[in-house]
Amino acid sequence: MCSLWCHTNTTEPVFVITDATLKSFLSSALSVQAAVGLSLLQFTNMNSMRSLFIVGVSIFLGLSVPQYFFRYTLSAQHGPAHTNAGWFNDYINTIFSSPPTVALIVAVFLDNTLDFKDAATDRGMPWWTRFRTFKGDNRNKEFYTLPFKLNRFFAPS
């Protein structure tokens with residue numbers, strides 16, 4: 001349970017944040033973060049079999065590999081990576097027990113190894129090239145300006 005104590009002269013009110021409140025806040029915040037991440041798929045060609053394969057396989061392996069690590073750890077009392085180097089076991093078991101990490105590793109690997117003639121356009125690269133430099137698009141100046149006109153002291157790169 002998280003709590004915040006406020007000390008005053010006359011009273012000591014306690015502001016308590018229950019576990020359910022904290023978990024619901026984190027659940028909603030992380031779900032919004034995941035939705036924003038998935039919204040970047042709008043710039044890719046989701047009609048391409050290559051893109052569909054990469055997204056589907058990365059989501060499937062991102063869910064199934066950590067489940068395998070979890071069940072193996074329950075039955076064997078140690079993770080699937082079981083060598084004489086304990087630090088190495090911890091690294092491998094931690095990395096492959098995280099669904100987002102496994103999905104990211106698989107998606108990046110497949111996206112950079114599966115190749116065909118229109119891979120750049122299917123990945124949405126022509127849309128992102130305008131935003132690689134500050135003067136590449138008119139919206140960059142509006143988006144990256146600092147508050148209170150502080151950008152006159154810091155030159156854009």
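Student: The largest pocket has a volume of about 1,000 Å³. What makes a space a pocket rather than a cavity?

Tutor: On a 1 Å grid over the protein atoms alone, a cavity is a set of points where a 1.4 Å probe fits but cannot get out, whereas a pocket is an open set with protein on both sides within 12 Å along at least five of seven lines. The volume of about 1,000 Å³ is the space filled by probe spheres set on the points, which are joined across faces, edges and corners. Of the 29 residues lining the largest pocket, G37, L38, L41, L104 and A107 are the closest to its centre; a lining residue has an atom within 4 Å of a point.

Tutor: Keep in mind that this is a predicted model: local features need pLDDT of at least 70 and side-chain atom pairs count only at pLDDT 80 or more, while totals for chains, interfaces and linings use all residues. Residues are numbered from 1 along each chain as its sequence is written, and side-chain values use heavy atoms, with hydrogens and water left out.

Student: Which helices each supply at least two residues of that lining, and what classes of residue does the lining have?

Tutor: The helices are α1 (19-39), α2 and α4 (99-113); a helix here is a DSSP run of H or I with at least four residues, numbered from the N terminus. By class, the lining has 18 nonpolar, seven polar and four charged residues.

Student: Why is the contact of D111 with R50 called a salt bridge?

Tutor: The closest N and O atoms of D111 and R50 are 3.0 Å apart. A salt bridge needs a side-chain nitrogen of Lys or Arg within 4 Å of a carboxyl oxygen of Asp or Glu, so the pair qualifies. D111 lies in helix α4 and R50 in helix α2, so the pair ties together parts that are 61 residues apart in sequence.

Student: Where is the other partner of D111, and what N to O distance does the pair have?

Tutor: D111 and R123 meet at 3.1 Å, N to O. R123 lies in the loop between α5 (119-122) and α6, so this pair ties together parts that are twelve residues apart in sequence. Shared partners join R50, D111 and R123 into one network.

Student: How do you know whether R50 and D111 are buried or partly exposed?

Tutor: Buried means under 20% relative accessible area, exposed over 50%, and partly exposed in between (1.4 Å probe, protein chains only). R50 has 8%, so R50 is buried. D111, at 22%, is partly exposed.

Student: Why is Y91 called exposed?

Tutor: Y91 has 53% relative accessibility, so Y91 counts as exposed. Y91 lies in helix α3.

Student: What makes W87, F88, Y91, I95 and I105 a patch?

Tutor: Patch residues have over 30% relative accessible area and no salt bridge; nonpolar side chains are joined within 5 Å, like charges within 9 Å. These five form a nonpolar patch on the surface with about 530 Å² of accessible area together, by the Shrake-Rupley method with a 1.4 Å probe. Helix α3 gives the most to the patch, with four residues.

Technical notes:
Nonpolar A, V, L, I, M, F, W, Y, C, P; charged D, E, K, R; others polar.
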